[in-house]
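These are my notebook entries on one chain, kept in the order in which I looked things up.

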Amino acid sequence: MLVEIIPVGESKIAVWGKDSSGQWWHFAYGVEDGRRGRAEHRKCAGCGEKFLRRVSKGQHGRGIYCSRICSNRATKPMRGRTGKDSPNWKGGKHVRKRDGYVTLHTKDRNGKTLWQLEHRLVMEKHLGRKLLPDETVHHKNGKQIG
Ligand SMILES: [Zn+2]
């Protein structure tokens, strides 16, 4: 006899159920169908959340994550990360959506974060000094920006 039932998703096709002994079961086609497989509560190796998992042979060691998201995060750590955590982090380069110009993540003397236009920084490096506010940099294509 089941003491607790958790429908899976909206379809309610699959159901998790716990019997009075505390054993969890997984019903793939609903409780009425009667076909059940043992299930257990596990702790997600990714986020640490408790989740239910069907116990099936030949899958030992698998299914240690509560969701695909946690699994992906753990097995493909390069994905979905931004900023400094990202493998693409190259000191903070960012293409400005508004106009397509590349901005660089830099810090000013006070350690304040600044996004500066790359072509201006390149020019400053080239000149060996800071650009004046009224100085503009001409792009290769001749378009005036700055
Ligand atoms: Zn998780």
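**Entry 1: the pairing of β4 and β5.** I looked up the partner of E40 and found that its bridge partner in β5 is R53. The model is predicted, and I read each entry below with that in mind. β4 and β5 run antiparallel and are joined by five bridges. On its other pairing, β4, which covers residues 36–43, is joined to β3 by four bridges, again antiparallel. There I noted R36 of β4 opposite F27.

**Entry 2: the five-stranded sheet.** I then placed these strands in their sheet, which is open and has the order β1-β2-β3-β4-β5 with antiparallel pairing. β1 (2–8) and β5 (50–54) stand at the edges; each has a single partner strand, so one side of each lacks a neighbour in the sheet. From one strand to the next, I recorded an average twist of 30°.

**Entry 3: the hairpin of β2 and β3.** Strand β2 spans residues 14–19 and runs antiparallel to β3, with four bridges joining the two. I found G17 opposite W25 of β3. The two strands form a hairpin with four residues between them. Within that turn I noted G22, whose phi is positive at about 100°.

**Entry 4: burial around β3.** Which residues of β3 are buried on each side? I found W24 and H26 buried on one side and W25 and F27 buried on the other, so that both faces of the strand (residues 24–27) are covered. I set this beside the general rule that side chains in a regular strand alternate between the two faces of the sheet.

I next looked for the largest nonpolar core and found five residues in it: V15, W16, W24, W25 and F27. β2 and β3 each supply at least two residues of this core. The largest share, three residues, comes from β3.

For V15 I listed the contacts beyond its neighbours within four places in sequence: I5, I6, P7, V8, F27, G30 and V31. Over the chain as a whole, 8% of the 146 residues count as buried.

**Entry 5: the three-stranded sheet.** I moved on to a second open sheet, whose three strands have the order β6-β7-β8 and pair antiparallel. β6 (93–95) and β8 (113–117) are its edge strands; each has a single partner, so one side of each is left without a neighbour in the sheet. The average twist here is 35° from one strand to the next.

β6 and β7 pair in the antiparallel sense over three bridges, and K93 has L104 as its bridge partner in β7. Six residues lie between these two strands in their hairpin, and G100 in the turn has a positive phi of about 80°. Strand β7 (residues 102–107) also pairs with β8, antiparallel over five bridges. The partner of T103 in β8 is L117. In the hairpin of β7 and β8, five residues separate the strands, and G111 takes a positive phi near 80°.

I also checked what lies over this sheet: helix α2 (residues 118–127) lies across β7 and β8, running at about 85° to β8.

**Entry 6: L114.** Not counting residues up to four places away in sequence, L114 touches T106, K107 and D108.

**Entry 7: the chain and its confidence.** In total, I listed two helices and ten strands, running β-β-β-β-β-α-β-β-β-α-β-β from the N terminus. Of the contacts between residues at least 6 apart in sequence, 9% join residues at least 24 apart.

The mean pLDDT of the chain is 78, and 77% of the residues score at least 70. Among the elements, β3 has the highest mean pLDDT (91), while strand β10 (residues 144–145) has the lowest (52). Where pLDDT is low, predicted coordinates should not be read in detail.

Note on methods: Residues are numbered from 1 along each chain as its sequence is written. A residue is buried if 20 or more other C-beta atoms lie within 10 Å of its own, exposed if 12 or fewer, and partly exposed in between; C-beta atoms are placed from the backbone. Two residues are in contact if their C-beta atoms, placed from the backbone, lie within 7 Å. Two strands pair if DSSP finds at least two bridges between them. Axes are lines fitted to C-alpha atoms, for helices over the stretch in contact, and angles run from 0 to 180 degrees between N-to-C directions. A nonpolar core is a set of buried Ala, Val, Leu, Ile, Met, Phe, Trp, Tyr and Cys residues joined through C-beta atoms within 7 Å. pLDDT is the predictor's confidence in each residue, from 0 to 100.
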